[in-house]
Every structure is written in structure tokens, then in C-alpha cells.
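Here are my notes on one helix and the aromatic residues around it. Please read them against the model.

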Amino acid sequence: MNSAIMTLNAAADDQALSMMEPLVERSAWVCEASLAARPFADSAALAEALMETIYRSGVRRQRALFSVHPELAGSEAMAGRMTAASTGEQARLGLLALSREEAARLAALNTAYSARFGYPFIIALHRVPDLGTLFETFTRRLDHSALEEHALTLAEIASVIESRVNRLFGGSPASSLAQAETLE
């Protein structure tokens, strides 16, 4: 067990919540509910506990979780109101410095996706190699059924959480949660 996980396991609830807050986008309830799974054996166990909380929360709560995610290069990004984790993830692909044409295309995709599914498009940007792949995946996912897209969104969130856990608490990026390849 690494020292960061040991510190998290030993921390008072409020301190542990503060340590876990960056792992799940604007959804402290996931971290609060996952505290009961302590002690975490390792970073994989922490990521698994967070996702188990989300999976057990039901469709209504899951959709509420989806809805608090920022749009890709959306108004929150332009106003600097995203979490540090989301800002870094979007900046890596250049989403915060798009050309006029790319920004217009992404805005149209964001609008179409939100109208079709009722929440922002969510993708694990750490697995997206370039803007072309992002646009292709985004466009393809617009053709999915609501049920298929809900399941894919959960898989994308699992990958994001695992990446963030590994970054903050150490661990292997090739663990079980990241195995679901959703880029198609």
C-alpha cells in the first residue's frame, strides 16, 4: 500500500473528502458514500469504490452526475469555471485554444448531443490522441441509443476516475476499470 492511500485511509472524514474531491466531477456525494469502503487496499480499490457508488446510485442520480460535467470547450471552459482536473484534461488536447472553425464544430456537436441525450458529452480525454479522433468519436456517439450512450458514459466516467486516482494516489493505468475501450 502506498503512502498516499495510507494517508487517505487514516484521515478524518472531512480531510479524506477533501483529498477525494478532485476525483469525481462536482459530485461530493460519490466521495461521501465511498468513504465507508475504507480502508482502501490500493488506488484500484479506491477507484472501484467510487464507481461502485455511482453504479448503485440508480439512473436518476447517474444522470444528475452526468449533468454537472462541463461541455467540451463550452462556456464554463471559456469563463475559467471548470475544475482544475477538467481544465488540464481539456487543455491537453488544445480544446481551450481551438480555431474558429473547430470551436464552431464542437459547439454544434455539444448542442446536438445535449438535445439528444439531455446531458453533456463525456469522454475520457486522457485516452483521446488528437482532435480528429475526438470529433470522430463525438459524431459516432450521436447515433447511439439512449441506453447505449448511458452505458458508454458510465464507462468513460470510470476511465476518468481511474486516471485521476492513479495521478493523485499512484497506481497502474492498466487496471480493470480502464479495460473498457470505448473509443470504438
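1. Start with the outward side of α8. The face turned away from the buried side carries the exposed residues R100, E101, T111 and A115. Exposed means over 50% relative accessible area, buried under 20%, and partly exposed in between, with a 1.4 Å probe and protein chains only. Helices are DSSP runs of H or I with at least four residues, numbered from the N terminus.

2. A word on the source. This is a predicted model, in which local features need pLDDT of at least 70, side-chain atom pairs count only at pLDDT 80 or more, and totals for chains, interfaces and linings use all residues. Residues are numbered from 1 along each chain as its sequence is written, and side-chain values use heavy atoms, leaving out hydrogens and water.

3. The length of α8 checks out. It has 18 residues (100-117), and at 1.5 Å a residue they should span 26 Å; the end C-alpha atoms are 26 Å apart, which agrees. The expected span is 1.5 Å times one less than the number of residues. Just after α8, G118 takes a positive phi of about 85°.

4. Now the inward side. L106, L109, N110, Y113 and F117 are buried in α8. Seen down the helix axis, the buried residues fall within an arc of 105°, so they line one face of α8. The arc is taken from the directions from the helix axis to the C-beta atoms. These buried residues pack against α5 (59-67), α9 (131-141) and α10 (146-169), with contact meaning heavy atoms within 4.5 Å.

5. Which residues form one aromatic cluster? They are F66, Y113, F117, Y119, F121 and F138. Rings of Phe, Tyr and Trp (its six-membered ring) pair if their centres lie within 6.5 Å; planes under 30 degrees apart count as stacked, over 60 as edge-to-face and the rest as tilted. The count by this rule is seven aromatic pairs. The rings of Y113 and Y119 have centres 5.8 Å apart and planes at 75°, so this pair is edge-to-face. For Y113 and F121 the values are 5.2 Å and 80°, so that pair is edge-to-face.

6. Y113 is buried at 0% relative accessibility, Y119 at 1% and F121 at 2%.

Notes: Helices (H or I, at least four residues) and strands (E, at least two) are DSSP runs, numbered from the N terminus.
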